[in-house]
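Dear colleague,

I am handing over the structure below, and after it I set out what was found in it. Please read the notes alongside the coordinates.

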Amino acid sequence: MTRDSPANFMDGAIPAGLLATVRSKRPLIHHITNGVTINDCANITICTGAAPVMAEAPEEVAEMVAAAGALVLNIGTLSATQVEAMLAAGRRANELGIPVVLDPVGVGATRFRTETAQRILDTLDVAVLKGNAGEIGVLAGTGGSVRGVDSGGIAGDPVETARECARLTGTVVSMTGAVDVVTDDRRVFLVGNGNPAMDRLSGTGCMASSVTAAFVAVADDYAVASAAALAALGRAGERAALEARGPYSFRTALFDELAGLTPDDLTGHARIEER
Ligand SMILES: Nc1ncnc2c1ncn2[C@@H]1O[C@H](COP(=O)(O)OP(=O)(O)O)[C@@H](O)[C@H]1O
Ligand SMILES: Cc1ncsc1CCOP(=O)(O)O
Ligand SMILES: [Mg+2]
């Protein structure tokens, strides 16, 4: 940044207003998600101010999603039956205009994950694609490395990778990392909130999808809502790091700090730069 090109920071009142709206509307967030972090996702949804439900039987997902404000599809521990449920829930969500958030956990690590993420993107109208850098690099086709569920990095520039992925998929792309990149190709938001402790805990990426879904459920602008959600979670992470002694006390503090996060605090501390 130079003196001639001052950073254009989003007014903190925008994410703060969305946080307040989540809490007043308390949207239901239907998750079809992995067995590793499912409980964290339920509780982080509550701490955000929304209401979670986890339902994945193909027999009931279309009925359940009809009552939801947003649907999270997370492929972290996918199976053929679960994929069938994701497509059925997603189709119904699309019919009803309910936004779908896709977390392509581990895409690129195996053929089944890559084919499934691609199939979901080809079949459904996905509102937000939220992944770590490696996952987004894989889906952008520009080069991304994924080992298990961890990002091994991307080949090129992060902003260009996320924009290419948004162009290719027609979704809002929310690429997490030390600085999150959220883009609908036309606009780019860089979210500076967060703490490195968030990277030392399994589940923060999945939780980012749940918080994103809660914000997207109450907003029309999915890019702004996605950036606001990451600012809120990141701000909770900053506050949690001040009181934690290690990864597990950090985890507890992250839930407590998000539950206690006030719109005023977010107004003052959200760091969302628009490029
Ligand atoms: N080094 C970091 N500094 C600050 N925040 C981070 C850092 N690494 C990850 N985060 C935050 O942690 C959450 C999960 O991101 P990430 O670790 O990229 O996801 P995943 O768990 O899917 O790999 C996001 O909200 C992101 O902003
Ligand atoms: C470890 C693991 N294995 C399959 S899903 C999962 C959790 C991934 O969580 P996150 O992407 O949020 O770190
Ligand atoms: Mg992830």
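Glu 95 is exposed, with a relative accessible area of 59%, where exposed means over 50%, buried under 20% and partly exposed in between (1.4 Å probe, protein chains only). This is a predicted model, in which local features need pLDDT of at least 70 and side-chain atom pairs count only at pLDDT 80 or more, whereas totals for chains, interfaces and linings use all residues. Residues are numbered from 1 along each chain as its sequence is written, chains are lettered from A and ligands numbered from 1 in the order in which they are written, and side-chain values use heavy atoms, with hydrogens and water left out.

Glu 95 forms a salt bridge with Arg 92, the closest N and O atoms lying 2.6 Å apart; a salt bridge is taken here as a side-chain nitrogen of Lys or Arg within 4 Å of a carboxyl oxygen of Asp or Glu. The two residues are 3 residues apart in helix 4 (residues 80–96), and are therefore separated by about one helical turn, with helices (H or I, at least four residues) and strands (E, at least two) being DSSP runs numbered from the N terminus. Arg 92 is partly exposed, at 31% relative accessible area.

In helix 7 (residues 158–169), Glu 160 and Arg 163 are likewise 3 residues apart, about one turn of the helix, and they form a salt bridge with a closest N to O separation of 3.5 Å. Glu 160 is partly exposed at 37%, and Arg 163 also counts as partly exposed, at 24%.

Arg 235 and Asp 265 meet through their side chains in a salt bridge of 2.6 Å, N to O. Because Arg 235 lies in helix 9 (residues 222–243) and Asp 265 in helix 11 (residues 263–269), the pair ties together parts that are 30 residues apart in sequence. Arg 235 counts as buried at 12% relative accessibility, and Asp 265 is buried at 12% as well. Salt bridges with shared partners join Arg 235, Glu 238, Arg 239, Glu 257, Asp 265 and Arg 271 into one network. By the rule given above, the count of salt bridges comes to 15.

Finally, a loop glycine: Gly 108 lies between strand 5 (100–103) and helix 5 (111–123), and is partly exposed, with a relative accessible area of 37%. Apart from neighbours within four places in sequence, Gly 108 is in contact (heavy atoms within 4.5 Å) with Thr 114 and Val 138.
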